Amino acid sequence: MFASAHRSPHLSGVKEADWTHKLGDVEFVEVVKRFDFIPEEALGNSELLKLVLPAFKADMCLHETYVYGSSKDKVLCPVVGFAGDSDYVTPADMHAWKDVTVASFETQVFEGGHFYTSSKESKGPFLESLV
């Protein structure tokens, strides 16, 4: 199983007072700009932003409302955690995925932020790590 740029499920969860997915579009964009969630190409193109915003809000809804079942709920397969070295989700956050598997675990860190897979420096090494 691959986990990328997201904290382990047993560490996830956001207080309802901090939920962003229920904000209006303008407010939502202002909040998530701080986290570099939305690529610059989308932010600068209002038509594209209208198309992708529902998907970003749905992603945030899953992130903000997910409740981890139990510390006994572990996956049986190996887990690889991928992280960008300048993302707000740190390599240490990714390393916590080891706690949700009974199999092997490894972390791989790439150059870049939350969208490290888009950077020229990381795209090739990231794709190579998948094969």
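This note goes through the predicted model point by point, from the overall layout to single residues.

1. Basis. Residues are numbered from 1 along each chain as its sequence is written, and side-chain values use heavy atoms, with hydrogens and water left out. Because the model is predicted, local features need pLDDT of at least 70 and side-chain atom pairs count only at pLDDT 80 or more, while totals for chains, interfaces and linings use all residues.

2. Layout. The chain has 5 helices and 3 strands; helices (H or I, at least four residues) and strands (E, at least two) are DSSP runs, numbered from the N terminus. Read from the N terminus on, the order of elements is β-α-α-α-β-α-β-α. The C-alpha atoms fill a box of roughly 45 × 35 × 20 Å, taken along the principal axes. Of the 131 residues in the chain, 34% are buried. Buried means under 20% relative accessible area, exposed over 50%, and partly exposed in between, with a 1.4 Å probe and protein chains only.

3. The 3 strands make an open sheet in the order 1-2-3, with parallel pairing; two strands pair if DSSP finds at least two bridges between them. Strand 1 and strand 3 stand at the edges, each with a single partner strand, so one side of each has no neighbour in the sheet. On average, neighbouring strands are turned by 20° against each other, direction ignored. The angle is taken between axes, which are lines fitted to C-alpha atoms. Strand 1 and strand 2 run parallel and are joined by 3 bridges. Within strand 2, V80 is the residue opposite F2.

4. Aromatic pairs. The whole structure holds 6 aromatic pairs. Rings of Phe, Tyr and Trp (its six-membered ring) pair if their centres lie within 6.5 Å; planes under 30 degrees apart count as stacked, over 60 as edge-to-face and the rest as tilted. One of the pairs is F2 with F82, which is stacked at 5.5 Å centre to centre, with 25° between the planes. F2 belongs to strand 1 (residues 2-4) and F82 to strand 2 (residues 79-84), so this pair ties together parts that are 80 residues apart in sequence. F82 is buried, at 1% relative accessibility.

5. A pair between sheet and helix. F110 and F126 are edge-to-face, 5.8 Å centre to centre and with 85° between the planes. Because F110 lies in strand 3 (residues 105-110) and F126 in helix 5, the pair links parts 16 residues apart in sequence.

6. Cluster. Which residues form one aromatic cluster? They are F2, F82, F110, Y116 and F126.

7. Surface patch. F2 also takes part in a nonpolar surface patch with L127 and L130, and together they have about 290 Å² of accessible area. For such a patch, residues need over 30% relative accessible area and no salt bridge, and nonpolar side chains (Val, Leu, Ile, Met, Phe, Trp, Tyr) are joined within 5 Å. A salt bridge is a side-chain nitrogen of Lys or Arg within 4 Å of a carboxyl oxygen of Asp or Glu. Areas come from the Shrake-Rupley method with a 1.4 Å probe. L127 is part of helix 5 (residues 120-129) and is partly exposed, at 47% relative accessible area.

8. Backbone. A5 is not a glycine, yet has a positive phi of about 55°. Most residues other than glycine have a negative phi. A5 sits in the loop between strand 1 and helix 1 (25-33) and is buried, at 7% relative accessibility.

Technical notes:
Patches are made of residues with over 30% relative accessible area and no salt bridge: like charges are joined within 9 Å, nonpolar side chains (Val, Leu, Ile, Met, Phe, Trp, Tyr) within 5 Å. Axes are lines fitted to C-alpha atoms, for helices over the stretch in contact, and angles run from 0 to 180 degrees between N-to-C directions.
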